[in-house]
Amino acid sequence: MSLDRSSALQTAEVLSEALPYIQRFSGKTIVVKFGGNAMVDRQLQDSFARDIVLMKLVGMNPVVVHGGGPQIGELLGKLNIESRFVDGMRVTDSETMDVVEMVLGGTVNKQIVNLINNNGGRAVGITGKDGLLIRARKLEVKRTSPDFQASEIIDIGHVGEVQDVNTGVIDMLVGGDFIPVIAPIGVDDKGASYNINADLVAGRIAEVLGAEKLLLLTNVAGLQDKSGTVLSGLSTKQVDGLIEDGTVYGGMLPKIRCALDAVKNGVASAHIIDGRVPHAVLLEIFTDAGVGTLITNRNGEQG
């Protein structure tokens, strides 16, 4: 079926707008954290997969890191294992960790790999345990006790933080023209497994790879000011100010800190984007407008 003249011109304009970004980011590494609605809505899953495949085809090197909290919670419920949280982090005992590995390293990881491959890509799924990709250490959660006016350490089990990343594993896959899809599970020096926040894993991987961009898909339109207006472009200094004055708080705070740390540690730009929008990744990378909040050290940068 041929396009009418108007539609053809519109298509040409879209491609023309994308060209400078394709040229600019060819050969660059883009780390994308896949989560939220985009992971569970079929249409959004397919649009995300096509976005990643197109990025690879035009010369970029996408690296996907994924979460899976809702899927973990669903299976824990079916197994009658209680979910408990401390400061938004799932308390992960040995039994829960088995479920986390099953869901993240098995079901969810392979679903994403299959999505990308079915849309013409060449994805390979791994966890942070494969090739000792992510060396982890136990995360200590400190909480102030009002009774003692001192901090107490709360044990939340197999929840970790990133200690080191073995970039050789990722380099090998990218060099072989594959798209790495990484589950956020790490391992310590004694071989114990740890569940790690996917945003934090994506941020650290972006840092050690010297990525051009870190994209964090969310279920909100982006970082908003106190009146609810999305802030489309911010410097790291401006973001620090928004944290200090309380504009950034609650569940958005860890995500923003992750993006902020990545940019302060060498990633050219970080993006908090609305994963509920079809083709959100392409819109953020290849258009002037974008669909979220850009954080950068470079004044006036877009795209």
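A cavity is a set of points, on a 1 Å grid over the protein atoms alone, where a 1.4 Å probe fits but cannot get out, and its lining residues have an atom within 4 Å of a point. This is a predicted model, in which local features need pLDDT of at least 70, side-chain atom pairs count only at pLDDT 80 or more, and totals for chains, interfaces and linings use all residues. Residues are numbered from 1 along each chain as its sequence is written, and side-chain values use heavy atoms, without hydrogens and water.

**The cavity**

- One cavity of 30 Å³ or more is counted.
- The largest cavity has a volume of about 50 Å³, volume being the space filled by probe spheres set on the points.
- Its lining consists of A38, L44, S47, F48, D51, L217, G275, V277, H279, A280 and V281.
- Helices α2 (42–57) and α9 (280–286) are the elements that give two or more residues to this lining; helices are DSSP runs (H or I, at least four residues) numbered from the N terminus.
- The largest share of the lining, four residues, comes from α2.
- By class, the lining has seven nonpolar, three polar and one charged residues, where Ala, Val, Leu, Ile, Met, Phe, Trp, Tyr, Cys and Pro count as nonpolar, Asp, Glu, Lys and Arg as charged, and the others, Gly among them, as polar.

**Packing of α3 and α4**

- Helix α3 (residues 69–78) packs with helix α4 (residues 94–118) at an angle of about 125 degrees, and their axes are 9 Å apart.
- The contact (heavy atoms within 4.5 Å) involves Q71, I72, L75 and L76 of α3 and T96, V99, V100, M102, V103, L104 and V108 of α4.

Definitions and conventions: Axes fitted to C-alpha atoms, helices over the stretch in contact; angles between N-to-C directions. 1 Å grid on protein atoms, 1.4 Å probe; cavity = no way out; pocket = protein on both sides within 12 Å on 5 of 7 lines; lining within 4 Å.
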